[in-house]
Amino acid sequence: MKTTKYLFVGALASAFLLSSCSDDFLKVEDPDGEPLEEYYTTDAHLQESVTAAYDPLHWPDWDGTAYNALNIDAEIMGDDFFPGGSNISDNQHWHKLFNFEGDGNNTLATLWGDFYSGIKRCNDVIKYCGYSVNADNPNLPTYIEQARLLRAYYYNILWHYYGDVPFYLDNISSPYTAPQLSADEIYERLIAEMEDILNNNVLPMRWDDADAGRVSQAFAYMLYAEMVMYQNDTQRYPQALAYMKEIINSGQYDLLHNYADIWKESGEWGKESIFEINYQDDNAARDWGTPKSAGGTVLPTLISPNGWKGGDGWDAGQDGWGFLPMRVETYNMYDAADQRRDATCWDLRSLQGTDQDYTARYQDTHLWLAKYRPYSENSKDCPTSKNLNYNNNLRIYRYSETLLNAAELTLATGGSSAEALGYLNKVHQRAGLPALSSITADDILNERHLEFVGEGKRYFDLVRTGKAATTLVPIPGTDRTNAWTPNKKHIPLAQSELDADPSLKQNEY
């Protein structure tokens with residue numbers, strides 16, 4: 001089900017790049033000339049500001065400066081894919097981070113600007129809702145809590161990648177800098193904010209179909225659990241588990257019977273979906289000169305073969321760029337009976353040596369991520385550049401993760417192993433595999449690996465469970481010649497941000 005509500009931003013919302021923008025760039029002007037205090041006095045205009053706060057969710061895959069789809073960013077530092085592209089200099093930041101040798105000029109620089117823009121816009125929503133003339137608007141609580149929750153999500157991404165970042169909950173003024181807090185301080189500030197949001201209990205567990213695309217109480221529970229588990233904050237594990245059980249017991253989410261159906265357009269916002277980032281191909285305004293306009297995603301183009309001759313639902317002439325080829329070891333880890341294998345791995349090895357073969361690019365294995373692979377059907381309605389506007393929604397949280405979180409947290413808090421096994425087996429048996437008879441923490445990590453390939457979770461799972469140093473090691477015959485070490489947990493800050501604010505301290509990477 002494709003929804004268009006709360007997807008894209010109009011012209012009124014301002015952007016914010018923290019230390020690297022001028023005063024003029026921060027000015028917000030209403031096209032009708034009204035002061036903001038007068039413009040944001042109607043529900044329709046407040047809704048515009050909320051929509052603006054959601055919009056930066058769409059930017060990372062391509063914001064006009066860099067390609068940084070969130071799932072690719074995480075996967076290239078994991079153990080399932082290669083960076084690929086045309087050569088080792090193509091999107092060089094990915095290749096550098098793949099080998100754990102990133103620097104200020106080869107890092108995920110645009111995530112900083114994209115998500116601080118989101119933080120700024122969330123703060124704007126809260127500010128506009130606070131105008132006294134809006135006090136009687138019954139929708140204010142949901143607008144405010146959506147903005148606070150989105151803001152926490154944006155900070156969560158910055159915290160995961162950079163660790164020590166500037167933090168503020170009210171927009172700042174010239175010179176547009178804020179104190180850089182340690183990763184632990186960021187966590188404490190964020191988790192306190194999350195606990196207040198959750199205690200307010202304003203948002204529904206699940207929005208109705210007309211409002212799919214908004215953050216919900218279930219989204220908040222998943223974000224809370226993700227943060228607590230990544231921090232290894234064992235004191236909060238019982239509360240995180242309670243939240244997972246609330247989702248489970250709500251009856252509003254469930255597993256789809258067929259794993260492959262998750263990745264179809266018909267599977268978007270299905271019963272398994274807790275949160276997705278929406279994209280659409282019809283009426284797309286996004287094009288090479290308008291990267292942040294409403295439209296689709298470039299992700300399927302990024303991660304598919306070059307020189308495609310047509311077939312398998314994808315027409316000739318809609319070439320991919322060859323990023324994120326899958327490792328053979330990833331395909332081989334699946335049992336032949338595991339229905340996730342063919343839904344996850346687009347296996348084109350049979351084309352090799354035939355006249356239907358495509359043009360192999362750098363690090364090509366003839367294995368690709370099927371979950372977000374391109375189909376011509378998914379960009380057929382696009383009036384602009386089809387390769388920029390596939391309608392594949394990016395899945396962020398799924399109910400299967402709720403179950404696996406519950407299994408892990410149950411074990412970690414000394415709960416019933418039978419209960420934990422029940423949660424795990426729901427996911428395991430949905431894949432067409434026989435039930436497991438026992439459970440360990442490693443079983444859960446392995447199930448997460450099989451379940452979430454290509455979804456940007458594996459790298460962070462390895463880091464939080466202490467397995468990164470023994471798993472992310474040099475790969476003979478490849479460009480991964482370095483091993484992950486604890487100082488690689490947080491990637492380098494962009495040199496441009498350090499130049500703009502000399503008080504920022506670079507990560508020791």
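Let's start with a pair of helices in this predicted model. The axes of helix H3 (residues 43-54) and helix H7 come within 10 Å and cross at roughly 15°. Angles under 35 degrees count as roughly parallel, so H3 and H7 are roughly parallel to each other. Their crossing is left-handed. On the H3 side, the residues that meet H7 are Asp 43, Leu 46, Gln 47, Val 50, Ala 53 and Tyr 54. Their partners in H7 are Leu 140, Tyr 143, Gln 146, Leu 150 and Tyr 154. Sort the residues of this contact by class and you get eight nonpolar, two polar and one charged.

H6 passes H7 in a left-handed crossing. The contact of H6 with H7 has 21 nonpolar, two polar and two charged residues.

H14 passes H16 in a left-handed crossing. H14 brings Ser 400, Glu 401, Leu 404, Asn 405, Ala 407, Glu 408 and Leu 411 to the contact, and H16 brings Ala 441, Ile 444, Glu 447, Arg 448 and Glu 451. By class, the contact of H14 with H16 has five nonpolar, two polar and five charged residues.

| Helix pair | Axes come within | Crossing angle |
|---|---|---|
| H3 and H7 | 10 Å | roughly 15° |

**Into the core**

The largest nonpolar core has 140 residues. Which residues have the most contacts inside it? They are Tyr 153, Tyr 161, Tyr 162 and Ile 247. H7 gives the most to this core, with 14 residues. Leaving out residues up to four places away in sequence, Ile 247 touches Met 205, Ala 218, Tyr 221, Met 222, Tyr 253, Ile 274, Tyr 399 and Thr 402. There is also a second, separate core of nine residues, with Trp 308, Leu 348, Leu 351 and Tyr 390 among them.

**Two residues to look up**

Arg 398 sits in strand S6. Buried or exposed? Arg 398 has a relative accessible area of 3%; buried means under 20%, so Arg 398 is buried. Setting aside neighbours within four places in sequence, Arg 398 is in contact with Met 222, Tyr 259, Ile 262, Trp 263, Glu 272, Ile 274, Arg 430, Glu 451, Phe 452 and Glu 455. Arg 398 and Asp 61 are 337 residues apart along the chain, and their C-alpha atoms are separated by 20 Å.

Ile 126 lies in helix H6. Ile 126 is partly exposed, with a relative accessible area of 26%. Apart from residues up to four places away in sequence, Ile 126 touches Ile 144, Ala 147, Arg 148 and Arg 151. Ile 126 and Ser 49 are 77 residues apart in sequence and 9.4 Å apart in space, C-alpha to C-alpha.

**Backbone details in the loops**

Where is Pro 175? Pro 175 is in the loop between strand S1 (165-166) and strand S2 (180-181), and the peptide bond from Ser 174 to Pro 175 is cis, with omega near 10°.

Asn 232 has a phi near 55°, a positive value in a residue other than glycine. Asn 232 is in the loop between helix H9 (217-231) and helix H10 (237-250), and is partly exposed, with a relative accessible area of 39%.

Leu 324 also has a positive phi, near 65°, and is a residue other than glycine. You'll find Leu 324 in the loop between helix H11 (299-302) and helix H12 (328-332). Leu 324 is buried, with a relative accessible area of 0%.

Methods
Residues are numbered from 1 along each chain as its sequence is written. This is a predicted model: local features need pLDDT of at least 70, side-chain atom pairs count only at pLDDT 80 or more; totals for chains, interfaces and linings use all residues. Side-chain values use heavy atoms; hydrogens and water are left out. A crossing is left-handed if the near helix is turned anticlockwise from the far one by less than a right angle, and right-handed if clockwise. Helices (H or I, at least four residues) and strands (E, at least two) are DSSP runs, numbered from the N terminus. Ala, Val, Leu, Ile, Met, Phe, Trp, Tyr, Cys and Pro count as nonpolar, Asp, Glu, Lys and Arg as charged, and the others, Gly among them, as polar. Axes are lines fitted to C-alpha atoms, for helices over the stretch in contact, and angles run from 0 to 180 degrees between N-to-C directions. Angles under 35 degrees count as roughly parallel, over 145 as roughly antiparallel, 65 to 115 as roughly perpendicular and the rest as oblique. Contact means heavy atoms within 4.5 Å. A nonpolar core is a set of buried Ala, Val, Leu, Ile, Met, Phe, Trp, Tyr and Cys residues joined through side-chain atoms within 4.5 Å. Buried means under 20% relative accessible area, exposed over 50%, partly exposed in between (1.4 Å probe, protein chains only).
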